[in-house]
Amino acid sequence: MSRAGVQQIGFIGLGVMGEPMCRNLAAKSGAQVLAHDREAAPMQRLGAHGVHARPTAHEVVVGSEVVFLSLPSGEAVHALAHAPEGLLRAVRAGQTIVDLSTSPVDSTRALAAAFAERGAVFIDAPVARTRAAAETGTLSVMVGAEPAVFERVKPLLATFASDIILCGPVGCGQVVKILNNMVLFETVLALCEARAIGERAGVDAALLFDTLSKGSADSFALRHHGMKSVLPGDYPERAFSVKYAHKDLLYALRLAHDTGVDARGARTVDGWYEQAIAAGYGDHYHPVISRLIGGPDA
């Protein structure tokens with residue numbers, strides 16, 4: 001018996017996070033999974049795990065009861081929904097579309113209204129944590145949906161997530177995810193500044209971060225982004241890049257503007273991201289701003 005009584009599940013977007021999420025969904029849901037991506041390689045890899053590739057997103061939607069989206073931006077979600085052969089053209093009454101992407105709040109709510117006109121349900125369920133967490137099925141998911149819809153999709157989300165939180169009606173999952181990222185980005189900036197100041201004042205960076213981890217400055221960002229990236233100067237590509245972080249931070253600044261909040265801390269981080277992109281670091285892991293703050297060896 002499949003989870004949530006669903007026999008056919010669709011998955012669109014098989015990138016860094018989407019591929020392992022889709023693989024876990026296929027392995028644990030008990031349902032047939034149809035998938036589409038613009039790249040052939042992830043569909044070929046997932047074929048070994050029982051996932052059925054489809055040449056278009058339209059065909060995934062037509063063949064599925066619940067469809068998951070894992071796309072690089074809210075703009076990509078909007079474009080796919082409104083394309084001539086896109087989601088709104090393919091969807092039918094009774095289907096549920098789950099957006100795992102990080103998308104703007106206003107466009108998420110507008111899409112929910114557009115899908116409702118077709119008799120379908122569109123909810124937001126952006127994911128947090130790392131690719132490693134996607135691989136092990138321990139992501140955090142922040143859901144914006146009505147309680148009854150949340151309970152229907154929760155067993156499916158549980159195939160790739162260990163923490164699943166209903167944040168309120170549609171759009172509220174995006175609010176929480178966007179603010180989660182904003183707080184993370186501002187904390188990483190503080191760590192980059194602390195490293196640069198500490199080293200120039202004569203304190204070893206490893207000792208500084210270890211000591212901070214034992215006091216009130218301890219955080220997830222310190223232990224993961226600080227100790228595993230900023231300290232060794234490791235800023236790989238194919239991780240959560242400056243460009244993606246910049247996109248999410250712009251969503252936060254847009255939300256701040258819409259709610260009348262002066263988010264000057266977030267604006268400061270945005271300035272560093274713009275500088276990093278101009279310096280050619282746009283595809284590198286977002287803590288790479290440490291190189292600009294502390295010098296090329298940071």
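1. A polar contact is taken here as a pair of N or O atoms within 3.5 Å, where within protein one must be able to donate a hydrogen and the other to accept it, and where residues adjacent in sequence count only if both atoms are side-chain atoms. Helices (H or I, at least four residues) and strands (E, at least two) are DSSP runs, numbered from the N terminus. The model is predicted, so that local features need pLDDT of at least 70 and side-chain atom pairs count only at pLDDT 80 or more, while totals for chains, interfaces and linings use all residues. Residues are numbered from 1 along each chain as its sequence is written, and side-chain values use heavy atoms, with hydrogens and water left out.

2. Serine 219 caps the N-terminal end of H11, with a side-chain oxygen 3.4 Å from the backbone nitrogen of alanine 221. Within H11 (residues 220-230), Ala221, Leu222, His225, Gly226, Ser229 and Val230 are buried (under 20% relative accessible area, with exposed over 50% and partly exposed in between, for a 1.4 Å probe and protein chains only). Viewed down the axis of H11, these buried residues fall within an arc of 130 degrees (taken from the directions from the helix axis to the C-beta atoms), so they line one face of the helix. They pack against helix H9 (172-200), helix H10 (205-212) and helix H14 (289-294).

3. Strand S4 (residues 66-69) directs Val66 and Phe68 one way and Val67 and Leu69 the other, and all are buried. Pairing requires at least two DSSP bridges between two strands; S4 is joined in parallel to S1 (residues 8-12) by four bridges, and S4 and S5 also pair in the parallel sense over four bridges. Valine 67 has isoleucine 97 as its bridge partner in S5, and glycine 10 has valine 67 as its partner in S4.

4. Aspartate 248 lies in helix H12 (residues 242-259) and, at 1% relative accessibility, counts as buried. Its side chain makes a polar contact of 2.8 Å with the side chain of asparagine 181.

How values were computed:
Contact = heavy atoms within 4.5 Å.
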